[in-house]
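Reader: I want to learn how to read aromatic contacts in a protein model. Can you walk me through a case?

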Amino acid sequence: MLVTVLLLLVTLCAKGGNGVETEEVRRPGHVSVVIVGGTGDLAKKYLWQGFFQLYVNQVNNGNTFSFYGGGLSPADQATPVLFDILKAVSCSKDVSQERCALLKEQFLRLSRYRQLKSLEDYQDLANHIEKKLEEEGMTEAGRLFYLSVPAFAYADIADKINSSCRSTNGAWLRVVLEKPFGHDFRSAQVLASQLGSSLKENEMYRIDHYLGKQVIAKILPFRVENKKFLDPIWNKQHIERVEIVLKETLDVKGRIPFYDQYGVIRDVLQNHLTEVMALLTMRLPRNLSSSEEVLQNKLQIFSSLLPLGKNQAVIGQYQAYRSEVQQELNKTKDHVSLTPTFAAVLAHIDEAQYEGVPLLMISGKMLDERVGYARILFKNDIFCLKNHNSIHCKPKQIVFYFGHGSLQYPAILVSKNLFKPDLINSEWKEVTEHSDISVLGLPISDYYVQTPTEQRDAYVELISYIYAGRKNSFISTENLLASWGLWTPLLSSLASSFPRIYPGGADNEGLLDIRLKGKDIAYNSEVVIISRDQMGGTSGNGFQVMQGKFRSADMVSAWAEELVEKLAADIQEAAEAAVHESGVFHLALSGGSTPLALFHRLALHHFSFPWRNTHVWMVDERCIPLTEVQSNFYSLHNHLLQHVRIPYYNIHPMPVQLNQRLCVEEDGGAQLYEKEISRLVNGSSFHFVLLGVGYDYHTASLFPGHKLDEFGESLVALTESPAKPHQRMSLTFSAINRAHKVAILVMGKGKHELITQLSRVKDNPDKWPVTGVKPANGRMVWYLDYDAIIG
Ligand code: BG6
């Protein structure tokens, strides 16, 4: 039964000071909320409470609601489970007992369980909603689906919602998703494109529950409100460093099947801590309520971050983790997991305002205390000769205290030697009565402290934002990919690194203390706890780079990190030789996520690389504007070119956009690129071509199932990919096979099948395009990491 609260809300509001009164009539609408996974853990702990709170807040605002808990189990089994959960929801303190009982009763009456398994189940749900609306004579406002299910089910459910649950009368559709959104750049991209085929960007609400924490949601308003104090000091001249820290005391027992695949960087740093970092450092939007502006400014910070290499991180693993993994994953006693449960990462922003300012992101399980905060520590140039205890000599800092820890409430703290902040709004209050505690080295009485008048759970906040359509508190696709673009190369470079083992809790003592050395970070104490041999590693002398043969060509193999080091060194050697011989080096680079670690290596460690004499060409490009995140050039620019001193006129992006359109044959983009190659590259023979291999054996953008020899003598061609974006521009075999040296880089366990298959098959470029790479007079080398070889 639909609730019969207010059907029509008539608001009289006086406009401006002209005395003209306008009558704004808001027609009520009906909102259907569907929690898919409605009897699961998250729904039980947070979501139903969040939606009940929404109901309580909105019940008198004109809209009506119905709530559905969906799941795979049949209704007769799951209904009692759902109602047990619903009965446990509670009201906030300001609601009287009587009113609370009434609201709960209404909420329960409006809620139902529905089996949501097959497409028909979703169609039935849609029919049911429409029938109800018709019976009650209601206009529809919107449909909100909350997918509280494992991420592998997202694409399928989104597809079912798209094909059967869209309203036909223009009501909004919002679909809420929980992390993980992929485990690296590529997988996030695949998931995003699958979701993108069912849902529009403005219909997706990707949750990062940290953005619902009251203190974090107030970072931008605080910065705006206190702009006059902050503007002069929010820069490299005044900031000593920024720390974003989440320390936890619990282990991950019971979550190992998930956690061991992810580890602390993917679980917490890539999302929660990165989001906080962006809020602290992004340019302030002119209008805080413009989602577009907020998201754009946030995105811009990602492109200004210097790449993260292995020297920008330290990792650890609590001692008991190994046996927990063996137990929960049914592994033998010699099984070793390299998954980090602790990480400290040092980032830098390549912008004049923040040049050289260390940004530290730290998180771990089984640490000595539970606390979450972001601190901006300012330089203090006052030296107190007499009274060291004077406030002037103490640390100058602003602390955004998310919660937990010694302070029992979330708060924003500004040390008194900085300034007295303005109150953000009436929902916040100043705390003046203090207990005798210290926060990050300062007695609490040395701070101005602000806290929310009412503490609210992050999910309650986020659900109210979703309902209000406030997209700026959610993760856009671009934002997500940009964040993975930052973290993926670091994750690959750490894939075979050894975490430092720590005992856990107070026993960790100084073992996890870190030290900053310029742009690098390291553990403060030099202890080698365990060696790879002791861990019973897979391949005897695991650290060495080995040479061998693969498909009768040369092969170099090593663990990912050493392999990338070797490849970078080989490219530099080729560059120096070419520059020595002819004064110029022509390098053609592929896109995708595999070479990102190589780009970082070149950007961060090859300071003597002859970039001034190097011309960079593209092996292939997607037919999208070069300014889009998925563009190969965009990623090459972000991860390499912007960090090295290469003249602009030595950079040769592919002309995929001409006459304001993308890859149209008549525009002759491919011929244009070919002409440029012929004009600048001696004999059109690149000195070095870097290739990769896709899961379907494509290389460059030469895909199976095409008559690749049809390109004849052309050096550049427009091609078609089975994946989106379909249109591509690519070097052809004619161009590739003229090169002096061709390197094919393949890394990761995911490529093991492919490498095994390739080791067996004969050349057949139409079926396995990579087998068409056969430099006529040049040398070809496979660079394969051990994961790809051993699997
Ligand atoms: C989750 C992570 O996203 O965030 C957990 O998966 C982590 O591992 C949690 O414990 C921390 O969130 P909070 O709100 O408890 O600080």
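**Aromatic contacts**

Author: Start with a group. In this predicted model, one aromatic cluster is formed by Trp 48, Phe 51, Phe 52, Tyr 55, Phe 65, Phe 67, Phe 107, Tyr 146 and Tyr 467.

Reader: How many aromatic pairs does the count come to?

Author: Ring centres must lie within 6.5 Å to pair. By this rule there are 27 aromatic pairs. Take Tyr 205 and Phe 474: their ring centres are 5.0 Å apart and their planes are at 75 degrees, so this pair is edge-to-face.

Reader: Which parts of the chain does the pair link?

Author: Distant ones, 269 residues apart. Tyr 205 is in strand E8, while Phe 474 is in the loop between helix H13 and helix H14.

Reader: Is Tyr 205 buried or exposed?

Author: Buried means under 20% relative accessible area. Tyr 205 is at 2%, so it counts as buried. Phe 474 is buried too, at 1%.

Reader: What about Tyr 259 and Tyr 321?

Author: Their ring centres are 6.4 Å apart with planes at 70 degrees, so they are also edge-to-face. Tyr 259 belongs to helix H10 and Tyr 321 to helix H12, 62 residues apart. Tyr 259 is buried, at 0% relative accessible area. Tyr 321 is buried, at 0% as well.

Reader: Where does the charged end of Arg 470 sit?

Author: Over the ring of Tyr 465, 3.9 Å from its centre. Likewise, Lys 213 lies over the face of Tyr 210, 4.7 Å from the ring centre.

Terms used: Residues are numbered from 1 along each chain as its sequence is written. This is a predicted model: local features need pLDDT of at least 70, side-chain atom pairs count only at pLDDT 80 or more; totals for chains, interfaces and linings use all residues. Side-chain values use heavy atoms; hydrogens and water are left out. Rings of Phe, Tyr and Trp (its six-membered ring) pair if their centres lie within 6.5 Å; planes under 30 degrees apart count as stacked, over 60 as edge-to-face and the rest as tilted. Helices (H or I, at least four residues) and strands (E, at least two) are DSSP runs, numbered from the N terminus. Buried means under 20% relative accessible area, exposed over 50%, partly exposed in between (1.4 Å probe, protein chains only). A charge sits over a ring if NZ of Lys or CZ of Arg is within 6 Å of the ring centre and within 35 degrees of the ring normal.
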